[in-house]
Amino acid sequence: MGFSPNGDMVGSSAIVGWVDSDGVGSVKQYYLGGQTPAQVLPDLGNLVIVGNTTSIVAVDSTIYMGFQLNASTPTNRLIYSVGPTGILPSSPSFRLTQHQSMVTTTMNYLTGQTQTVKAPYSNLKKNHGILNMLGWGILLPIGAIVARHCKEWDPIWFYSHISIQSLGFILGFAGISCGFVLEHKLSAIVSHHKGIGIFILILGLLQMMAVLARPDKASKLRKYWNLYHHNVGRLLIFFAVVNVFYGIHLGLAGRGWDVGYGIVLVVLFIIAAVLEARMWMRK
């Protein structure tokens, strides 16, 4: 349970409790200095805890934590989070792992009423993830499958391939644009995720420009163009899938997003494998 000056996790002080498998409970104060475990520091923070008032007990599947603070009026913006199952802080570092769920509330200390508050720019963050997942991570693989396995329906396959990839690029470009806005608004430090995203965008732009420079089928350069176009496309899809999963991890979206996107990829893989087997059987 964190006491935040602005409703964000970063910069707040938190009371963290857990119960070991032997039933022994522990409660510590942490300073939440950043979004990585190394920046979450135990035994630091600006909360003045009254001595011998902390307690935590587990009853069935519910954990109850109690403590008293010495303060004129604590901050009224509170954050709550639950850590992953089976991973508890341990001596000597007592390092925390990233939480699985979080909610932010405002507390009226006079009436005891609370009100749930949305995380800052939560809709923009969700749009960023959905646009990139749908554009780079789903439509582009579908377009690649169409190009490889539907050429018997010429020229429908070509126009379908171009349409799907163009839509995927547009959605992906919009998703990356949302990411730049998010980075500015939240001052997020996501250099690896951002770097991979920019690399994906560059590959996407190269693919779009390559279509304009496509040689005629009779040209001697056509086989080299095909080699370039196919391999750059595969590289783009690989990094897109990796960055989607990485983004889900950074955004703390939860296991449901990992599983959902994974199921989509498995379905696409099965479809591609069946079509690949069909193609080789024909040969």
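**Helices and annotated regions**

Reader: How far apart are the end C-alpha atoms over residues 162-182?

Author: Over residues 162-182 the chain is 100% helix and 0% strand (DSSP runs, numbered from the N terminus: helices H or I, at least four residues; strands E, at least two). This is a predicted model, in which local features need pLDDT of at least 70 and side-chain atom pairs pLDDT 80 or more, while totals for chains, interfaces and linings use all residues. Residues are numbered from 1 along each chain as its sequence is written, and side-chain values use heavy atoms, without hydrogens and water. The end C-alpha atoms of 162-182 are 30 Å apart.

Reader: At which residue does helix α1 bend?

Author: Helix α1 has 28 residues, 122-149, and spans 39 Å between its first and last C-alpha, close to the expected 40 Å (1.5 Å times one less than its number of residues). Its bend is about 35 degrees, with the proline P141 following within four residues. The bend (the angle between axes fitted to the seven residues ending at a residue and the seven starting there) is at L139.

Reader: Are α3 and α4 roughly parallel or antiparallel?

Author: Helix α3 (residues 191-212) packs on helix α4 (residues 222-250) at about 150 degrees, their axes 9 Å apart (lines fitted to C-alpha atoms over the stretch in contact, with angles from 0 to 180 degrees between N-to-C directions). Under 35 degrees counts as roughly parallel, over 145 as roughly antiparallel, 65 to 115 as roughly perpendicular and the rest as oblique. The pair is therefore roughly antiparallel.
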